[in-house]
Amino acid sequence: MRGMQTTAREPAWKGAALVTAGFVVLLWLLELFDAATGNPLDAYGIQPRSEDGLVGVALAPTLHFGFDHLVSNTVPVLVLGFLTLATGLARGLAATAIIWVVGGLGVWLFAQPGSTHAGASVLIFGWIVYLIVRGILNRRTVEIFIGVAVFLLYSGALLGVLPGQPGVSWQGHLFGAIGGFIAARVLTTRRRSESSITY
């Protein structure tokens, strides 16, 4: 006699919560290691137009310049990362990958040579724009609601894409936001036929 197999899938929000929490744990473990060993990881941020600095495109969003920097990013990562993944884990991960690459390469190409850029804020700004634009493009009630909520909570933060605050990588914020817009456009799930009128 064989038992009945369950085919019910786990709710998407559970996977989103697990992945987001795991990422935040990784950020904290890396910073704890960095602080305990004399901050050697800081050198692996993005160093614009430096061949060695290209490594930072892959690593910079996981690194922070001290615990104050990490603390300021932790809650936005938890909130925005979860919202990005909660309505579709695969799509949310794809959006994050686009933001990660576009943001990192934008900093590497256009930021000031001799500087080093690191921090999850490139993802934070990308997620903000992605969540807002995704709701507009997909026209799904839940995603529109999420986009409006994110706009109300974080629209003021988008001023961080402008230069002027010393020690803050506005280039990372700007190109992260651009990456979020590109991700929303590329990953729009609304069918073209739904928005096209033929005569």
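1. **Ground rules.** This is a predicted model, so local features need pLDDT of at least 70 and side-chain atom pairs count only at pLDDT 80 or more, while totals for chains, interfaces and linings use all residues. Residues are numbered from 1 along each chain as its sequence is written, and side-chain values use heavy atoms, with hydrogens and water left out.

2. **The overall picture.** Helices here are DSSP runs (H or I, at least four residues), strands are E runs of at least two, and both are numbered from the N terminus. Of the 199 residues, 42% count as buried; buried means under 20% relative accessible area, exposed over 50%, and partly exposed in between (1.4 Å probe, protein chains only). Among contacts (heavy atoms within 4.5 Å) with a separation of 6 or more, 79% join residues 24 or more positions apart.

3. **What the record says.** The unreviewed UniProt entry annotates "transmembrane region" at residues 12-30, 69-86, 93-111, 117-137, 144-162 and 168-187. Keep in mind that such annotations may be inferred rather than shown by experiment. In the model, residues 69-86 are 100% helix and 0% strand, with end C-alpha atoms 26 Å apart. Residues 117-137 are 81% helix and 0% strand, and there the end C-alpha atoms are 32 Å apart.

4. **Helix α4.** Have a look at α4 (89-110). It has 22 residues and reaches 31 Å from first C-alpha to last, close to the 32 Å expected at 1.5 Å a residue; the expected span is 1.5 Å times one less than the number of residues. Its buried residues include Arg91, Trp100 and Trp108. What covers the buried residues of α4 includes α1 (12-36), α2, α3, α5, α6 and α7.

5. **Helix α7.** This helix (residues 170-186) has 17 residues and reaches 24 Å, close to the 24 Å expected. Gly172, Gly176, Gly179 and Gly180 are among its buried residues, as are Ala177, Ala183 and Ala184. The buried residues of α7 pack against α4 and α5.

6. **α5 against α6.** The axes of α5 (residues 121-138) and α6 (residues 141-154) come within 8 Å and cross at roughly 145°. Axes are lines fitted to C-alpha atoms, for helices over the stretch in contact, and angles run from 0 to 180 degrees between N-to-C directions. The crossing is left-handed, which means the near helix is turned anticlockwise from the far one by less than a right angle. Residues in the contact include Ile128 and Leu131 of α5 and Val150 and Phe151 of α6.

7. **α3 against α5.** Helix α3 (residues 67-86) packs on α5 at about 35°, with the axes 9 Å apart, and passes α5 in a left-handed crossing. Among the residues that meet are Asn73, Pro76 and Leu80 in α3 and Trp127, Tyr130 and Arg134 in α5.

8. **A loop residue to check.** Phe65 sits in the loop between α2 (55-59) and α3. Is Phe65 buried or partly exposed? Phe65 is partly exposed, because its relative accessible area is 39%. Leaving aside neighbours within four places in sequence, Phe65 is in contact with Asp42, Thr116, His117 and Ala118. The C-alpha atoms of Phe65 and Ala118 are separated by 7.3 Å, although the two are 53 residues apart along the chain.
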